Amino acid sequence: MRKYRKFCKIEIRKGEYMVDLDIFITSRVKRKIVVFFVTYPVIKMHSRGLAKLLKEDPGNIQRELAKLEKVGFLYREKKKNTYTYFVNTNFLFFSELQSIVVKVREQNSVSRSRNYIEKTHRYFLKEISDR
């Protein structure tokens, strides 16, 4: 059970299920690209600029960009001798991907704030008991 939970990145805490985006998009690089373009749909990026921004290898970025372009999630535009990529907002699952990314981010921020509150609460309880 523990290995399965670790593999799927699901935390079970007091009856809640916390799901990470790793379950749906297994490739780390592809996940970063999708999250970037879903978060900033108006930006056009060159593959090397995207690699620098996401701190990933340009070869891996280029491979995943080609796959995402092939499925129709991204468009590629040629300017002189370089290609810039931008998101296809009419993609079949674009709005669903946006809502998933927003929900996962909200869930992560809530869990982080809960952890912070719990740690602060424990700290203050310890300080009070030490007096």
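1. Over which residues does pLDDT stay under 50? Over residues 1-18, for which the model has 21 contacts beyond four places in sequence. This is a predicted model, and this stretch calls for care. Where pLDDT is low, the predicted coordinates should not be read in detail.

2. Now the confidence of the whole chain. Mean pLDDT is 77. Of the residues, 66% reach 70 or more. Helix α1 (residues 2-8) has the lowest confidence, with a mean of 40. Strand β5 has the highest, at 94.

3. Next, the overall layout. The chain holds five helices and five strands. Their order along the sequence is α-β-β-α-β-α-α-β-β-α. Of the 131 residues, 27% are buried. The exposed surface comes to about 10,000 Å², and carbon and sulfur atoms supply 56% of it. Among contacts with a separation of 6 or more, 49% join residues 24 or more positions apart.

4. Helix α4 deserves a look. It spans residues 58-71, which is 14 residues. From first C-alpha to last it reaches 20 Å, close to the 20 Å expected at 1.5 Å a residue. Four of its residues, Ile-61, Glu-64, Leu-65 and Leu-68, are buried. They lie on the same side of α4 because they cover an arc of only 105° around the axis.

5. Val-34 gives another view of the interior. This residue sits in helix α2. Is Val-34 buried or exposed? Val-34 is buried, because its relative accessible area is 5%, and buried means under 20%. Beyond its neighbours within four places in sequence, Val-34 contacts Ile-25, Leu-68, Phe-73 and Leu-97. One of these, Leu-68, is itself among the buried residues of α4. Val-34 and Val-101 are 67 residues apart in sequence, yet their C-alpha atoms are 9.1 Å apart in space.

6. Turn to the β4 and β5 pair. The two strands pair in the antiparallel sense, over six bridges. As one example, Glu-77 has Thr-84 in β5 as its bridge partner. Two residues lie between the strands of this hairpin.

7. Lys-80 counts as exposed because its relative accessibility is 80%, and the cut-off for exposed is over 50%.

8. Where does Lys-55 lie? In the loop between α3 and α4. Lys-55 is not a glycine, but its phi is positive, about 55°. At 74% relative accessibility, Lys-55 counts as exposed.

9. Last, Asn-90. This residue is in the loop between β5 and α5 (94-130). Asn-90 is exposed, with a relative accessible area of 70%. Along the chain, Asn-90 and Gly-72 are 18 residues apart, and 9.3 Å separates their C-alpha atoms.

Definitions and conventions
Residues are numbered from 1 along each chain as its sequence is written. This is a predicted model: local features need pLDDT of at least 70, side-chain atom pairs count only at pLDDT 80 or more; totals for chains, interfaces and linings use all residues. Side-chain values use heavy atoms; hydrogens and water are left out. The expected span of a helix is 1.5 Å times one less than its number of residues. Buried means under 20% relative accessible area, exposed over 50%, partly exposed in between (1.4 Å probe, protein chains only). The arc is that of the directions from the helix axis to the C-beta atoms. Contact means heavy atoms within 4.5 Å. Accessible areas come from the Shrake-Rupley method with a 1.4 Å probe; for residues, only the protein chains shown count as cover. pLDDT is the predictor's confidence in each residue, from 0 to 100. Two strands pair if DSSP finds at least two bridges between them.
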